[in-house]
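Colleague: Pick one part of this model and take me through it slowly, please. I'd like the cut-offs along with the picture.

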Amino acid sequence: MGEPSGRTGVSGGGPQHDAPLLHADERGLPIHGVPWSRLAWEVTATAPDLLRARLDWNRPDLLAVFPYPHRLELAVALRHDGLTLETTLVAGAEGPVPASFGFHPYLGLPDLPRARWHLELPAMRRLTLNERGIPTREETAFAGFQRELGEAAFDDGFALSDERSIFALSGAGRRVSVEMLGGYTHAQVFAPPGKDLVALEPMTAPANALVSGRGLRVVEPGGRLRAGFRIGVVEIEPGADSR
């Protein structure tokens, strides 16, 4: 459904567009799927620590962009130490559905300069990009990143080595983590220079997968694909690293 998150490796290797139902990057290429303002989520259950919602992808305007009837189910659970989001794609009976979606957790640490944020990235495979920022079919080894951010910057797509990978940002007495719980096979890391933010983004496929087919999973009619991640927040000793 839609396109996965991430700024590099945009969707659609074709010509520029001005379709109102799609986002565009600075090159005029479609990116990030359909605007959220067009997506009518229906809340199906609520509790003090739980929210469930569903999105039926069957309206003509949505099918004009992504012609695969399906349903998305979202479960959001809140605990004292974090937030868990589980997304389930249920394919319609009309045919198989290619699955390509993701989220954009933007993180930051108050009261601490960006250069002193400790960033923790696991070993992965970095996706090689072409001149338009679209992934090619090549990958290179990435040994991980386990240090203060300093002047480092990221706008990179990765293939996960383990669907249970953990990404984290720590400092000023706290550690904020994005823990993949299964179903996500790729990730985008966005840490632009001069910006006090780091986005650690779970993705079910690499960017541009709907065009290239690379890393794209297809859910058979009536089948399900479930993907979950957790944003955790814990206190740590001041000055301690991510561990």
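Modeller: Let's go with E14 and E15, which pair antiparallel through six bridges. Strands here are DSSP runs of at least two residues (E), helices are H or I runs of at least four, and both are numbered from the N terminus; two strands pair if DSSP finds at least two bridges between them. This is a predicted model, with local features needing pLDDT of at least 70 and side-chain atom pairs pLDDT 80 or more, while totals for chains, interfaces and linings use all residues. Residues are numbered from 1 along each chain as its sequence is written, and side-chain values use heavy atoms, leaving out hydrogens and water.

The two strands make a hairpin with two residues between them, and Ala 172 has a positive phi near 55° there. Across the pairing, Ile 166 sits opposite Glu 179 in E15. By "buried" I mean under 20% relative accessible area, with exposed over 50% and partly exposed in between (1.4 Å probe, protein chains only).

E14 also pairs with strand E9 (residues 118–121), antiparallel and through three bridges; Leu 119 faces Leu 169 of E14 there. Zoom out and you get an open, antiparallel sheet of nine strands, ordered E3-E4-E5-E6-E19-E15-E14-E9-E12. Strand E3 (42–47) and strand E12 (145–148) are its edges, each pairing on one side only. From one strand to the next the twist averages 10°, taking axes as lines fitted to C-alpha atoms (for helices, over the stretch in contact) and angles from 0 to 180 degrees between N-to-C directions.

Now the rings. The structure has eight aromatic pairs. A pair of rings is described by the distance of the centres and the angle of the planes. Phe, Tyr and Trp (its six-membered ring) count as paired with centres within 6.5 Å; planes under 30 degrees apart are stacked, over 60 edge-to-face, the rest tilted. Phe 66 and Tyr 68 are a tilted pair, because their centres are 4.8 Å apart and their planes at 55°. Phe 66 is buried at 6% relative accessibility, whereas Tyr 68 is partly exposed at 32%.

Tyr 184 lies in the loop between strand E15 (174–180) and strand E16 (186–191), and Phe 101 in the loop between strand E7 (97–99) and strand E8 (106–107); the pair links distant parts of the chain, 83 residues apart. Phe 101 is buried at 5%, and Tyr 184 is buried at 0%.
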